[in-house]
Amino acid sequence: MMNTPKHTTTQANATKQMKFDAKFEKAFQPSISAYVALKDAFVKSDAALTAEKSEAFRNALDQLNKSQRETLNMYWATLHKTSKSINKNAAIELQRKSFQIISNHMIAIIESFETLDQKLTVQFCPMADDNKGAYWLSTEEIIRNPYFGDAMLTCGSVTKVLE
């Protein structure tokens, strides 16, 4: 069995210190749903679809009010800006690099939640990012790798369940 590293990004450590109230967590749920749809588009390796889903993700982030955006501090701005690089003019490989940044931030944020509308799993592929490994969130425990799509659809493992 492969030993997978723990998610210990700087963003995760900083965000874990944040507390979100129930109102914020509820307001952020559409962003989670839009993220999952974006992840599913990457599984299909469809650059046009990922660009469309990235725009939907950004629109979900835009629905947060000023106070909620400030609650996320720099994370909202990074998520919003990074999602813009997942566009119809970018190759799927470059889009996936941006998705990795988004995934790390989303995991860090959601790990701080007290309640979720749905169960999420944190998944990890050790071969992504030039064998450095990369994480993503999914609503199911079955591995559908967004970093390789059909080329390595089931490469990865569940590292954590968030409920």
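1. Basis. The model is predicted, so that local features need pLDDT of at least 70 and side-chain atom pairs count only at pLDDT 80 or more, whereas totals for chains, interfaces and linings use all residues. Residues are numbered from 1 along each chain as its sequence is written, and side-chain values use heavy atoms, with hydrogens and water left out.

2. Salt bridges. Six salt bridges are found in a search of the whole structure; the term denotes a side-chain nitrogen of Lys or Arg within 4 Å of a carboxyl oxygen of Asp or Glu. One of them joins the side chains of Lys19 and Glu114 at 3.3 Å, N to O. Lys19 lies in the loop between α1 (10-15) and α2 (22-43) and Glu114 in the loop between α6 and β1 (120-125), so this pair ties together parts 95 residues apart in sequence. Helices (H or I, at least four residues) and strands (E, at least two) are DSSP runs, numbered from the N terminus.

3. Accessibility of that pair. Lys19 counts as exposed at 65% relative accessibility, and Glu114 counts as exposed at 55%. Here buried means under 20% relative accessible area, exposed over 50%, and partly exposed in between (1.4 Å probe, protein chains only).

4. Lys119 and Glu141. The side chains of these residues form a salt bridge at 2.9 Å, N to O. The pair links distant parts of the chain, with Lys119 in the loop between α6 and β1 and Glu141 in the loop between β2 and β3 (157-162), 22 residues apart. Lys119 is partly exposed, at 32% relative accessible area, as is Glu141, at 44%.

5. Ser138. This residue belongs to strand β2 (residues 134-138) and, at 1% relative accessibility, counts as buried. Leaving aside residues up to four places away in sequence, Ser138 touches Lys39, Lys119, Leu120, Thr121 and Gln123, where contact means heavy atoms within 4.5 Å.

6. Largest pocket. Glu93, Arg96, Tyr147 and Phe148 are among the residues lining the largest pocket. A pocket is an open set of points on a 1 Å grid over the protein atoms alone where a 1.4 Å probe fits, with protein on both sides within 12 Å along at least five of seven lines; lining residues have an atom within 4 Å of a point. Helices α6 (92-110) and α7 (128-131) each supply at least two residues of this lining.
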